[in-house]
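Let's take a walk through this model, starting with the overall layout and then stopping at a few spots worth a look.

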Amino acid sequence: MRPFSQKATASHTQIPPRKSDKSLSSPNMNFKNSWSQAYGLSLIILVMPENKHLTHILLVPRVRQGCPKIIGMVEFIGILNVKVIGGTKLAIRDMSSSDPYVVLTLGQQKAQTSVIKGNLNPVWNEELKLSVPQKYGPLKLQVLDHDMVSKDDLMGEAEIDLQPMINAAASFGDPELLGDIQIGRWLKSGDNALTADSAVMVTGGKVKQEVTLKLQHTESGEVTVEMEWMALNI
Ligand SMILES: [Ca+2]
């Protein structure tokens, strides 16, 4: 056992650890790596410890070297949950059917459902979550046909005006303090894609609105979504 032990000790002393590498280069590299891994998606979400509400988002460019530079700040006013329920009589984009999925766009944010193959009356029942900035526009909904070899084809699109729901919720205050009531309405008109007037409801302490849209820029098709609005700092 002794010769083996001596050999091991000798080997260790011949190759001393490189202290300079460990104390200087390594932490720097780790810092760069952790920033690029954590913030490479361009968004940092801050959770305020006092009220645990999401209040700010920092826009950060992708990190190539060193510390990221903060280029702007957007204040959120709430979270929008959109349950994409389903579509009916959607347009044909393949031989006799389509492989539809829904893409929601709000400003720079996008969210999409899964693809349902070969179905013109798909049921998704999928919840998509979006953050709503202080200056928000309409929520854009697109239905696309998934294709394996070519670009996905548009099966129609429509816009949802979020103002009736957000404004109604703001004027009624905390929905958890209200009973089940109607607090607002988005009216069908020639300027929007609604198939019927859409009520903004408080149900079980939550602000909800179901919307059925006639798809535009296509031959046929309707899509129904149920939105839930969670205002921050109310
Ligand atoms: Ca297809």
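His217 sits in the loop between β11 (206-214) and β12 (222-231), where helices (H or I, at least four residues) and strands (E, at least two) are DSSP runs, numbered from the N terminus. What you're looking at is a predicted model, so local features need pLDDT of at least 70, side-chain atom pairs count only at pLDDT 80 or more, and totals for chains, interfaces and linings use all residues. Residue numbers start from 1 along each chain as its sequence is written.

Back to His217: this residue has a positive phi of about 55° despite not being a glycine. Most residues other than glycine have a negative phi. His217 counts as exposed, with 11 C-beta neighbours inside 10 Å; the cut-offs are 20 or more other C-beta atoms within 10 Å for buried, 12 or fewer for exposed, and partly exposed in between, with C-beta atoms placed from the backbone. Asn125 also isn't a glycine, and its phi is positive too, about 50°. Asn125 belongs to strand β6 (residues 123-133) and is exposed, with 11 other C-beta atoms within 10 Å.

Zooming out, the protein has three helices and twelve strands, and buried residues make up 24% of its 234 residues. Take the contacts (C-beta atoms, placed from the backbone, within 7 Å) between residues at least 6 apart in sequence: 50% of them join residues at least 24 apart.

Leaving aside neighbours within four places in sequence, Gly78 is in contact with Val132, Trp229, Met230, Ala231 and Leu232. Gly78 counts as buried, with 24 C-beta neighbours inside 10 Å.

Now for helix α3 (residues 163-172), whose buried residues are Met165, Ile166, Ala168 and Ala169. They cover an arc of only 165° around the axis (taken from the directions from the helix axis to the C-beta atoms), so they are on the same side of α3. These buried residues pack against β9 (181-186), β10 (198-203), β11 and β12. After α3 comes Gly173, with a positive phi near 80°.

Of its 39 residues, Val102, Leu141 and Met165 touch the most other members. Beyond four places in sequence, the contacts of Val102 include Val84, Trp124, Leu141 and Val223.

Methods
Core = buried A, V, L, I, M, F, W, Y, C linked by C-beta atoms within 7 Å. Contact = placed C-beta atoms within 7 Å.
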